[in-house]
Amino acid sequence: MSDPVKVMKQEVGKAAAQRVESGMIVGLGTGSTTAYAIEFIGDRLKKGEISNIVGVPTSFQAEVLAKQYGIPLTTLDAIDHIDVAIDGADEVDPQKNLIKGGGAAHTREKVVDYLAKTFIVVVDEGKLVDKLGSTFKVPVEVIPMAISPVMRALEALGGQPELRMGIKKAGPVVTDQGNLVVDVKFNDIPNPVELEQKINNIPGVLENGVFVNCVNTVLVGEIKDGQPSVREF
Ligand SMILES: O=C(CO)[C@H](O)[C@H](O)COP(=O)(O)O
């Protein structure tokens, strides 16, 4: 089998694309797993299996992919609901709480995913954790002029903040909104609901990557006995 993680991502992306029905307004998430879902939604449109769908992108990446795969796009100003959102995650706990923002898109993702009547998360099995924060830092989007006081406030919350730096770009990562991202290591996140609120209460923070009480379905790509499969919870 070629790269097993890639295979799991493809399978779970395909399974999510099957949940899209004709006429739906679809939130299009960000990341390598969702990219497969966008590709398969485009395939289904091309084959005529579904029609009359419109996408709401959560990032520049999602917008580019949707255009590439022929999915018509709209904006939140032109619609009053989203039927289903499909998005990836960096960690998923047993209560379906998430850490997102590995692609620095968590602010727009939270707007779109929380608006959806049904929010489907697509992950490979490596993203499942018993407790949030065990493998991934919490991404926080910060307006640039507030970076120093926000870093201090995040330390006061018990975190170890680190400014996210670009790869193949000198200097920090800049979000689609022109802001900075701070990744915060928390040794323990006993209460994700409380942490999400406390971080967002810091002046200068736009949004953080803790997503709570918003997921309907998690689709998990797995490899069992050498065969890829998709489990749902
Ligand atoms: O939150 C995200 C982007 O901000 C992504 O959904 C998350 O990082 C998962 O990405 P991938 O599917 O590439 O592992």
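Which of the 18 residues around the ligand come nearest? I listed Gly31, Thr33, Gly88, Gly102 and Gly103. For this I took a residue as near a molecule if its C-beta atom, placed from the backbone, lies within 6 Å of it.

I note that this is a predicted model, in which local features need pLDDT of at least 70, side-chain atom pairs count only at pLDDT 80 or more, and totals for chains, interfaces and linings use all residues. Residues are numbered from 1 along each chain as its sequence is written.

I then looked up which elements give two or more residues to the shell around the ligand, and found helix 2 (32-47) and helix 4 (106-115). Helix 2 gives the largest share, 3 residues. Helices (H or I, at least four residues) and strands (E, at least two) are DSSP runs, numbered from the N terminus.

By class, I read 3 nonpolar, 11 polar and 4 charged residues in the shell. Ala, Val, Leu, Ile, Met, Phe, Trp, Tyr, Cys and Pro count as nonpolar, Asp, Glu, Lys and Arg as charged, and the others, Gly among them, as polar.

I found an open sheet of 4 strands in the order 8-9-7-10, with antiparallel pairing; two strands pair if DSSP finds at least two bridges between them. Strand 8 (160-163) and strand 10 (205-208) are at the edges with a single partner strand each, so one side of each has no neighbour in the sheet.

Strand 7 (residues 138-142) is joined to the antiparallel strand 10 by 3 bridges. I noted Asn208 in strand 10 as the bridge partner of Val140.
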